[in-house]
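Reader: I would like to go through this protein chain with some questions. Please show the sequence and the structure before we start.

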Amino acid sequence: MRGHTRAGTLAGVLGVLLAAVSVPGAQAAPAESGKRVFNSMQIVFSPDTPNDFCTLGAVGSDRYGRKIAISAGHCMSDPTHQYADRDIPEDVAPVYDRNDVGFGPLGHVRYFKDREGSSTGHPTKDYMIIELAPSVTLSSQGPYLKETGEVEAPGGQPSPNALNPPRDDERLLGAGLLNTNELVVSGQLGVHYGRVTSNSQGVYQSWASHEGGDSGGPAIWHVPGSAYPSQANGFQASGPWAGITKAVILGVPQYVYTSSANILADLRARDAAHPGVYGAGFQVTDNP
């Protein structure tokens, strides 16, 4: 498989931050309200590398009342092996709006799953948790996609990360010829949609396309009967959050996504083992 991200150039970012002790411009976010954070926002981990970016897939809050954003885990790597795959209460990895780095950090990375040797990120847990600054305003409305909660698949196959019994939002969408589940995605290529043709351990393959830098970006479930994005409706679509952009692979179709079920299930399992996990009980914001 080949990775569909600029994360290769981000691989040393966390190590650099740790070695540098302090980062220019990494002071606390201004104490002002009104800074919207939304799905499809492009993010960087240093103001000095604006072309090394990833994308936010969903924003909301966790069961502990913290403001949270979710992106792809493979967007960051820790050469020191001190921070990957554990909660990070230290403010060592700030996150910036790529188009407004002058605001200062939107928040800080609190968790990311190590790639474990994969060029496209961990097979089932390729996600990152960002704790957002209290001063920002969460929004369910991205440039094109409005996220309406989290997708649920009653009776679906449980995520491999799920506890027993799994919740409905920890069950996977059906795939293949007998299913008509579709994803709608937003990224640099615009808004695309396509059927989920394969589900491998909660990693969906779909014809919905994306490109480098879109890693971590939003995928929603197309609600049957709802409007598809088109020129007539300004390419807008709404539906429950279903996952985040993962990679392009050498397959057909080549576009793959980490399911929201895998992320939510792993968060709940980790929180059950160690209560207080950042992002546990995540719910997409209902703020407009």
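Author: Buried means under 20% relative accessible area, exposed over 50%, and partly exposed in between (1.4 Å probe, protein chains only). This is a predicted model, in which local features need pLDDT of at least 70, side-chain atom pairs count only at pLDDT 80 or more, and totals for chains, interfaces and linings use all residues. Residues are numbered from 1 along each chain as its sequence is written, and side-chain values use heavy atoms, with hydrogens and water left out.

Reader: How many of the residues of helix 2 are buried?

Author: Helix 2 covers residues 260-273, which is 14 residues. Among its buried residues are Ala261, Leu264 and Arg270. Helix 2 is mostly covered, and the count of buried residues is 10 of 14.

Reader: Glutamate 150 is buried yet has no salt bridge; how far away is the nearest side chain of opposite charge?

Author: Glutamate 150 lies in strand 10 (residues 145-150). A salt bridge is a side-chain nitrogen of Lys or Arg within 4 Å of a carboxyl oxygen of Asp or Glu; Lys and Arg count as positive and Asp and Glu as negative, while His and the chain ends are not counted. For glutamate 150, the nearest side chain of opposite charge is that of arginine 167, at 5.9 Å.

Reader: Which backbone nitrogen lies 2.7 Å from a polar atom of the side chain of glutamate 150?

Author: Not counting residues up to four places away in sequence, glutamate 150 touches residues including Trp241, Phe282 and Val284 (contact means heavy atoms within 4.5 Å). The backbone nitrogen at 2.7 Å from its side chain belongs to valine 284.

Reader: Why does arginine 171 count as buried?

Author: Arginine 171 is placed in the loop between strand 10 and strand 11 (182-187). Arginine 171 counts as buried because its relative accessibility is 19%.

Note on methods. Helices (H or I, at least four residues) and strands (E, at least two) are DSSP runs, numbered from the N terminus. A polar contact is a pair of N or O atoms within 3.5 Å; within protein, one must be able to donate a hydrogen and the other to accept it, and residues adjacent in sequence count only if both atoms are side-chain atoms. The expected span of a helix is 1.5 Å times one less than its number of residues.
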